[in-house]
Amino acid sequence: TSDADIIVCDGFVGNALLKFGEGLVDLFNGFLRDYIGKSGITKLGGLCLRPAFKDLKKKMDWEEFGGAPLLGVKKVSIVCHGSSKGNAVKSAVKVAYKCVSNNFIQHMSHSIKEEKVAQCSQERL
């Protein structure tokens, strides 16, 4: 019922969710191509909407994200798709750079420690 920016789960579930999402994107793209190509008027409409479709594709393309931080390790480690090629690897390096630049590991460790302290305090009550 609400939006989530981050979902934390084990590797098996996370991989299944990622594959499901990738499949939906591919399915949607296929439907869109089929429907746009049905007639001259839809082709013209598709041509007019091409810049919007290009932006949408870029926003939904896993290669643009490159990878995600692996939690539970003491240094920055980015997990990438098994079939990553040049653009995805470049994007993953950008993610790693952002994590290092923004002290991601230190912030995450601090947040986890604070949460543990809060849980211990509640358990004692």
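The legends below describe views of a predicted model of one protein chain.

**View 1. Overall fold of the protein chain.** The secondary structure of the chain consists of 6 helices and 2 strands. Their order along the sequence is α-α-α-α-β-β-α-α. The radius of gyration is 20 Å, well over the 14 Å that the globule rule gives for 125 residues, so the chain is more spread out than a compact globule. Along the principal axes, the C-alpha atoms fill a box of roughly 70 × 35 × 25 Å. Buried residues make up 9% of the 125 residues in the chain.

**View 2. A nonpolar patch on the surface.** The patch is formed by Phe20, Leu24, Leu27, Phe31 and Tyr35. Together these residues have about 550 Å² of accessible area. One of them, Leu27, belongs to helix H1, which covers residues 11–36. Leu27 has a relative accessible area of 45% and is partly exposed, because a value between 20% and 50% is counted that way.

View 3. Helix H5, spanning residues 86–101, gives the most to the patch, with 3 residues.

Note on methods. Residues are numbered from 1 along each chain as its sequence is written. This is a predicted model: local features need pLDDT of at least 70, side-chain atom pairs count only at pLDDT 80 or more; totals for chains, interfaces and linings use all residues. Side-chain values use heavy atoms; hydrogens and water are left out. Helices (H or I, at least four residues) and strands (E, at least two) are DSSP runs, numbered from the N terminus. The radius of gyration is taken over C-alpha atoms; the globule rule is 2.2 Å times the number of residues to the power 0.38. Buried means under 20% relative accessible area, exposed over 50%, partly exposed in between (1.4 Å probe, protein chains only). Patches are made of residues with over 30% relative accessible area and no salt bridge: like charges are joined within 9 Å, nonpolar side chains (Val, Leu, Ile, Met, Phe, Trp, Tyr) within 5 Å. Accessible areas come from the Shrake-Rupley method with a 1.4 Å probe; for residues, only the protein chains shown count as cover. A salt bridge is a side-chain nitrogen of Lys or Arg within 4 Å of a carboxyl oxygen of Asp or Glu.
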